[in-house]
Amino acid sequence: MGHDKPGTRLRSDAQRNRERILEVALAELTHAADAPLSAIAKKAGVGQGTFYRHFPNREALVLQVYRYEMQQVAAAAEQLLCTRPPDRALREWMDRLAQYAMAKAGLAEALRTATTNPRGTLAGLGHGPLTEAVTCLLAANERAGTIRSGVTPQDFLLAISGLWQIDPHDDWQARAGRLLDLVMDGLRAGAPGRPATDDEAGPSRH
């Protein structure tokens, strides 16, 4: 009783190794796009054989790191919807997405150098998790009447695609803020139950 089966222990160990590699790779690749795989394996405390069983080449590692990170960004949508009005949750999530895009510029460069995949962009690789998060946010806002009806996740992702063109070393916060405010204004235009603005609503909305 209480003893793990050998196969279960092996799977658990393999999962821990994989997560440790991804964690180290995220930090190393964000810092330096050309971080050696051998250095990542060493810092993760795994042998070369173990490393290559999980990630047979650089492209496989970089793609998985990106997907793993996008899942974390996507998960924030549900958390925000639990604690914010739908329209504010959507706008704050857009800010988080921008923050991620700029903070992970090194990882984006690693991705570009590791793969020739034409969809090798943040939006492309995160398509599954991002689409799910956006679908959830848009649906909540449609129910609340805070955005125009009929906006699809694909519409939204196309509208914010300018984020990936912003230079993270420039004044990215102001530029991203203006872009996302424009997108949010467009989503609110024609909303059936458009709420009062912050000024109109007063302190109760803060």
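**D181 is partly exposed, with a relative accessible area of 40% (buried is under 20%, exposed over 50%, partly exposed in between; 1.4 Å probe, protein chains only).** The model is predicted; local features need pLDDT of at least 70, side-chain atom pairs need pLDDT 80 or more, and totals for chains, interfaces and linings use all residues. Numbering starts from 1 along each chain as its sequence is written, and side-chain values use heavy atoms, leaving out hydrogens and water. D181 forms a salt bridge with R91, and the closest N and O atoms are 2.9 Å apart (Lys or Arg side-chain nitrogen within 4 Å of an Asp or Glu carboxyl oxygen). D181 sits in helix α10 (residues 172-188) and R91 in helix α5, so this pair ties together parts 90 residues apart in sequence. Helices (H or I, at least four residues) and strands (E, at least two) are DSSP runs, numbered from the N terminus. R91 also bridges to D95, with closest N and O atoms 2.7 Å apart. Both R91 and D95 belong to α5 (residues 86-103); they are 4 residues apart, about one turn of the helix. R91 counts as buried because its relative accessibility is 14%. D95, at 37%, counts as partly exposed.

**The bridge between E28 and K43 has its closest N and O atoms 3.1 Å apart.** E28 belongs to helix α1 (residues 6-31) and K43 to helix α2, so the contact ties together parts that are 15 residues apart in sequence. K43 counts as exposed, with 56% relative accessibility. The salt bridge count comes to 6.

**Helix α2 (residues 37-44) has L37, I40, A41 and A44 as its buried residues.** Viewed down the α2 axis, these buried residues fall within an arc of 100 degrees, so they line one face of the helix. The arc is that of the directions from the helix axis to the C-beta atoms. An α-helix has 3.6 residues a turn, so residues three or four places apart point the same way. K42 and K43 are exposed on the α2 face turned away from the buried side. G45 follows α2 and has a positive phi, near 75 degrees.

**UniProt, in an unreviewed entry, places a "DNA-binding region" at residues 36-55.** UniProt positions follow the numbering used here, feature names are shortened, and annotations may be inferred rather than shown by experiment. Residues 36-55 are 75% helix and 0% strand, and the end C-alpha atoms of the span lie 13 Å apart.

**The largest nonpolar core has 58 residues.** Such a core is a set of buried Ala, Val, Leu, Ile, Met, Phe, Trp, Tyr and Cys residues joined through side-chain atoms within 4.5 Å. I40, F51, L61, W93 and F156 have the most contacts inside this core. Two or more core residues come from each of α1, α2, α4 (58-83), α5, α6 (105-114), α8, α9 and α10. The largest share, 11 residues, comes from α4. I40 is in contact with I21, V24, A25, E28, L29, A35, F51 and L61, leaving aside neighbours within four places in sequence. Contact here means heavy atoms within 4.5 Å.

**A98 lies in helix α5.** A98 counts as buried because its relative accessibility is 2%. Not counting residues up to four places away in sequence, A98 touches L163, W172, A176 and L180.

**T146 is located in the loop between α8 (127-144) and α9 (153-159).** T146 counts as buried because its relative accessibility is 6%. The side chains of T146 and N141 make a polar contact of 2.6 Å. A polar contact pairs N or O atoms within 3.5 Å; within protein, one must be able to donate a hydrogen and the other to accept it, and residues adjacent in sequence count only if both atoms are side-chain atoms.

**The whole chain has 11 helices and 0 strands.** Of its 206 residues, 41% count as buried. Among contacts with a separation of 6 or more, 66% come from residues 24 or more positions apart.
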